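Visitor: I am new to protein models. Could you show me how to read one, feature by feature?
Guide: Gladly. Here is the structure.

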Amino acid sequence: MMFVAGAVFVVVVVVALDLLMSLAVGAFSAMFTGMRDDRARRRAERNDSPVEASHVAVRPSTDALGELADELRLAQAARWASCQSVQRRIEGQWTRSPAGGANDYLVLALDLWHNRSPGNSDPDEAGQAEPRDRLGDWTELAQLNKDRIGKIVWTTALVADSVSRYPAWKLDFFDRHSVRVDLVGEATAITTAAAGLRDQLAILGDAPAGHLGVDDEVIATFAEKSRLLSGRLDGLVARVEAFAEYEQIVARIQQRQDKQSWLERVSAIDEFEHVVDAERDRAESDRVRNLADESGVLAAIYLDEIAPLAKSLKQSDAA
């Protein structure tokens, strides 16, 4: 009897273990099947929407280029506004606007901008050299002033021309105190640097596109070079602004000289002498006025009394 009970117990345990094993295998099988199905589904979704997948990969680079473009656009607008402000101020100072023609500094700037040998007219020796024929410069001048970098060159030439036109610029004050700026040298340096940056920007070109536009290394390099050149242009405009401030100093010196010359000229008018002369004139006018009054009285007496009496006496003598 006990042997039968033991046998039954063993059979029950074996069946139970078999059931547990079956459940465990089924659970693991279901789990792995679900994972496999989920992986297959995601792979299918990626294969079905390649545009979305590429969009996700490109978006970071696209955003970086967009932010860079906005940054460079704002920097360029600030540079343009600065140059435009200097131009308006200088053009408003002269009856004959320097922008109305190709002054010697603009001719020099055009030659340097186009990598030509400077003409035979030296801005510092006006009237001492044969003037250059400028008939072909007008189109180039218009293009220069509209160019985003050429605007810097144009502004520099206007500042140099404005300084040279002040009579005070010929004073030995600037040499005696070693504060005279070499106008030709400054215009040449700024124009040469601007032309160099123009060429560097041409090498850099537009923002990368296609497969280069999604390459992180290419985008990072393009951004680095773009910011580098933009910063150099900012520095060049700051130099032009400093040059324009120097021009304002020369203008103030001219104003002081004009004032001093005016005061010296009018100082020849002796105030004391004119006060004395004015008093003498008033006294003389009173004397003349008194004489006029006396003459009127005497004339009235003569005409009313003496003249008729004298006439009657002549008539009596005749009788």
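Visitor: Is Trp-169 buried or exposed?
Guide: First, a caution: this is a predicted model. Now the rule: a residue under 20% relative accessible area is called buried. Trp-169 has 10% relative accessibility, so Trp-169 counts as buried.

Visitor: Which ring does Trp-169 pair with in a tilted way?
Guide: Look at the distance between ring centres, then at the angle between ring planes. The rings of Trp-169 and Phe-174 have centres 5.0 Å apart and planes at 50°, so this pair is tilted. Phe-174 is buried too, with a relative accessible area of 2%.

Visitor: What kind of aromatic pair do Trp-169 and Tyr-246 form?
Guide: An edge-to-face one, with 6.1 Å centre to centre and 90° between the planes. This pair links distant parts of the chain. Trp-169 sits in the loop between helix 5 and helix 6, Tyr-246 sits in helix 8, and the two are 77 residues apart. Tyr-246 counts as buried, at 16% relative accessibility.

Visitor: Which residues do ring pairs link into a cluster?
Guide: Trp-169, Phe-173, Phe-174 and Tyr-246.

Visitor: On to helices. How do I describe two that pack together?
Guide: Two packed helices are described by the angle between their axes and the distance between the axes. Take helix 5 and helix 8: the angle is about 15°, and the axes are 9 Å apart. Helix 5 and helix 8 are therefore roughly parallel to each other. Helix 5 passes helix 8 in a left-handed crossing. Among the contact residues are Ile-152 and Val-159 of helix 5, and Leu-233 and Phe-243 of helix 8. By class, this contact of helix 5 with helix 8 has 11 nonpolar, 3 polar and 1 charged residues.

Visitor: At what angle do the axes of helix 3 and helix 5 cross?
Guide: At roughly 150°, and these axes come within 8 Å. That makes helix 3 roughly antiparallel to helix 5. Helix 3 passes helix 5 in a right-handed crossing. The contact includes Tyr-105 and Trp-113 of helix 3, with Trp-154 and Asp-161 of helix 5. The contact residues of helix 3 with helix 5 divide into 9 nonpolar, 2 polar and 1 charged.

Visitor: How many residues of helix 3 are buried?
Guide: 10 of the 10, so helix 3 is largely enclosed by the rest of the structure. The buried residues of helix 3 pack against helix 4, helix 5 and helix 7.

How values were computed
Residues numbered from 1 in each chain as written. Predicted model: local features only at pLDDT ≥ 70, side-chain atom pairs only at ≥ 80, totals over all residues. Heavy atoms only, no water. Buried < 20%, exposed > 50% of the residue type's maximum accessible area, 1.4 Å probe, protein only. Helix = DSSP H or I, 4+ residues; strand = E, 2+ residues; numbered from the N terminus. Contact = heavy atoms within 4.5 Å. Axes fitted to C-alpha atoms, helices over the stretch in contact; angles between N-to-C directions. Parallel < 35°, antiparallel > 145°, perpendicular 65-115°, else oblique. Left-handed = near helix turned anticlockwise from the far one by under 90°. Nonpolar A, V, L, I, M, F, W, Y, C, P; charged D, E, K, R; others polar. Phe/Tyr/Trp six-rings, centres within 6.5 Å; stacked < 30°, edge-to-face > 60°.
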